[in-house]
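Take a look at the fold first, then read on.

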Amino acid sequence: MSTKQHNLLSQASDEKKPRRKKTPTFQVELPVEVSEHQATSLQTNFEAARQLYNAILSLGLRRLQRMRADPGWNRARAIPRTRKAERKEAFATLRETHGFTDDAMQEAAKYLRVGHLAEHIEAVVCQVLATRAYRSLQRMVLGQAKKVRFKSKGRGLGSVENKRNDTGLRFAFVELLDEAVDTPPLSPMTSSSPGVQKGARRAGNHRRRQARQRGGQRSAGFVFWQGLQLRVRIDWRDPVIAHALACRVKYSRLIQRKASSKRAKGADASGFCYAVQLVVEGVPRRKPKHLVGHDVVGADLGPSTIAVVPREGEARLDVFCAALSPKAEHSKAIRRLQRKIDRQRRVANPLNYDEQGRIQKASKKKPLRWNKSRAEVCTQRRLATKERKRAAHRKSLHGKLAHEITAVGNTIILEKISYKAWQKQFGKSVSERAPGMFVEHLKRTVASTGGILIEVSTRTTKLSQFCHGCGACVKKPLALRVHACSCGIGPIQRDLYSAFLAAYLDVSDPDHPLPPACGQYVVPWQGGEARLQAAHAVVLQRAKEGQILPESMAVRRARVRRLESQSDSPLEPAIAPPLLWRHNRLEAWSGS
Ligand SMILES: [Zn+2]
C-alpha cells in the first residue's frame, strides 16, 4: 500500500472515531471456577492466542527490520533532535510506509486470524493481541528493549484481554432463579448484544443491582468467552469487591496461572488456575482505616532503608520492607530450592558440564540438550510458588507502607533515582524489595487521594550532597552515612537529612522544582534537627534491643550489642547520641 493511501486511511479513521475521553480506571481480580471440560477448551483457546500472538509479532518484527533497512531511516536519525517536528514527521512517514503502526498491525493481524485460529480467537481479541505485539516492538524501537520474546509453548500466554465488554471475552451478571450455587443460569446474558433496546437493558441492570444489594444471591458473575461460560467467585461481603462491581466494567482480562500443584485449591487437571481481572471505571474504594494527611512529606529511599520526614509530624527512619531481607527465612528457602534445581540438573545432564563443573560451551551446530527430570519439574513448581508468594507479600508490604506515608501527608517529594543502576550495585536487596515498584505504588495511592508525588531530579537538587548551613555541595562516599559539615550542621544520619531537605523544597511548579537554597531551611532546621535526631535515636534503640539493621543506618551492630551488657540505663529516645570519627567514617556511638 502506498504512503498516500495509508495517510488517507488513517485520516479517515481519525475522523470516524474522535478520541474518547479518558476516565479514571482501576481493576479488581476475582477467581474463576473452571470445570475439567472447560479447562480443556480454555487451554485450546490460550494456545491459539499464543500462536496468533507469535505470528503477529513475527510479522511486526519483519516490518521493523525493513523499516530500519530503509535509507530513509538513517536520514531521519540524522535530523538533529532540536528540529523536533521535522524529525517526528520523518519517522511517522517511515512508519506509515512500512506499515509499522498500531492500526496497520491490527489490519494485518486480520489476515493471520485464519483457519482454526479464527475459531478460537475473536476479531476484537485479535486486535488487542496485535496492539500488544506492536507495543513490545515499540519498546525495541525506542531502545527500551534489545529484543522481543516469542511465547514458547511450554510457558504459554499468561493472559488474554479484550478492549470492550460487549463482544468477545466479556464479563456479565446473570440472574439465577434458584439460590443454589450450582444451578446453571437459565438465560445467558443476551442483553449485552447490540440489538436489545436500551431501556430494557437499563431495567435489567436495575433489577440486577437490586438483587446484588439483597446480598447478591440471585445474580452471579460469569466470564463469557467462545461459548464458554465461566463462573466467577464473588465474595459480596467484601466491601472492596462490592464497590468495584458496582462500577462500569470497561473490559476484562482472563489470567492463567500455574498453581503449586495439580491438587492445589482451585487448580484444574493440568495444574492451572484462572482468574479474571475486571478493568472498571472509577476510583478504588478507600478503607476507612486509611486516613489521608495533608502535610508535605520529604522521603529518601535507599536500597534497604527509607527515611520519611514530614514538615510537621514525626520523622522516621526504617528498614525498607524489613520482612523481605535477603537474610529472611523465606529468601533462604528460595535459595535452597534454587540450589536443589542446580544439583538435579547436574545429575540429569552430566555431559553438559566440564571437569570443573562449568557448563559446556554450546555451538550453533551442536546445541546443548537439557534433560529435565520429573523431580526437577516438581522442584521448579515449588520454587515458582514460593516466589509468587514472596511477590504477593512484597505487594502487601508496599501497600501498607504507602498508606502509612499517605496518612501523614499527600504531597510527597523524593529524588528521582535510577532503580536500574541500583539493580547493578545492590542486586540482591533491590530484587527482593523492588523500590521502583514501591514508588509506582505510592504514586497511585497518593493520586487516588487527590495528592501528588513529585520526583525531583538528582542532577538539579543534589540533596544528598547539599548542606544548608553553607550551601556547599560535597559528595559523600557511600560508606559515610552521616552528614556533618564544618559549618556546624550535623552530625545527622544522611538519609534523614536529605529527606528533610526534600520536604522543604520549593515545588510550586511540580515539573520544575527549584534547587535547594540555604535561606529556606533556616527556620525549619530549628525544630527539624531535634525531630531528625529523635528518629535516629529510635533506630539506635532498636539496634540496642538486638534488631539487626543495615549498616547504612549508621549503627554499628557489634558495638551496640556490647554496650547493652555494659550500661543498665536505656537510651532516652529524644537525646541525640554523640558521634565519633573512626576509620575515616563517623559512627554513632552512645555512651563513652
Ligand atoms: Zn555546611
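## Two crossing helices

Helix H2 and helix H4 (residues 84-98) have axes that come within 10 Å and cross at roughly 130°. Helices here are DSSP runs of H or I with at least four residues, strands are E runs of at least two, and both are numbered from the N terminus. Axes are lines fitted to C-alpha atoms, for helices over the stretch in contact, with angles from 0 to 180 degrees between N-to-C directions. H2 and H4 are therefore oblique to each other (under 35 degrees is roughly parallel, over 145 roughly antiparallel, 65 to 115 roughly perpendicular, the rest oblique).

Which residues meet? Arg-63, Arg-66 and Met-67 in H2 meet Leu-94, Arg-95 and His-98 in H4, a contact being C-beta atoms, placed from the backbone, within 7 Å.

## The sheet

The open sheet has 7 strands in the order S2-S6-S7-S1-S5-S4-S3, with antiparallel pairing; strands pair if DSSP finds at least two bridges between them. Strand S2 (159-161) and strand S3 (170-175) are the edges, each pairing on one side only. Neighbouring strands are turned by 35° against each other on average, direction ignored.

Strand S1 (residues 25-33) pairs with strand S5 (residues 228-232) over 2 bridges in the antiparallel sense, and Glu-33 stands opposite Arg-231 in S5. Helix H2 (residues 36-69) packs on this sheet, and its direction makes about 110° with that of S5.

## About the model

Residues are numbered from 1 along each chain as its sequence is written. The model is predicted, so to speak of local features takes pLDDT of at least 70, side-chain atom pairs count only at pLDDT 80 or more, and totals for chains, interfaces and linings use all residues.

Technical notes. Two residues are in contact if their C-beta atoms, placed from the backbone, lie within 7 Å.
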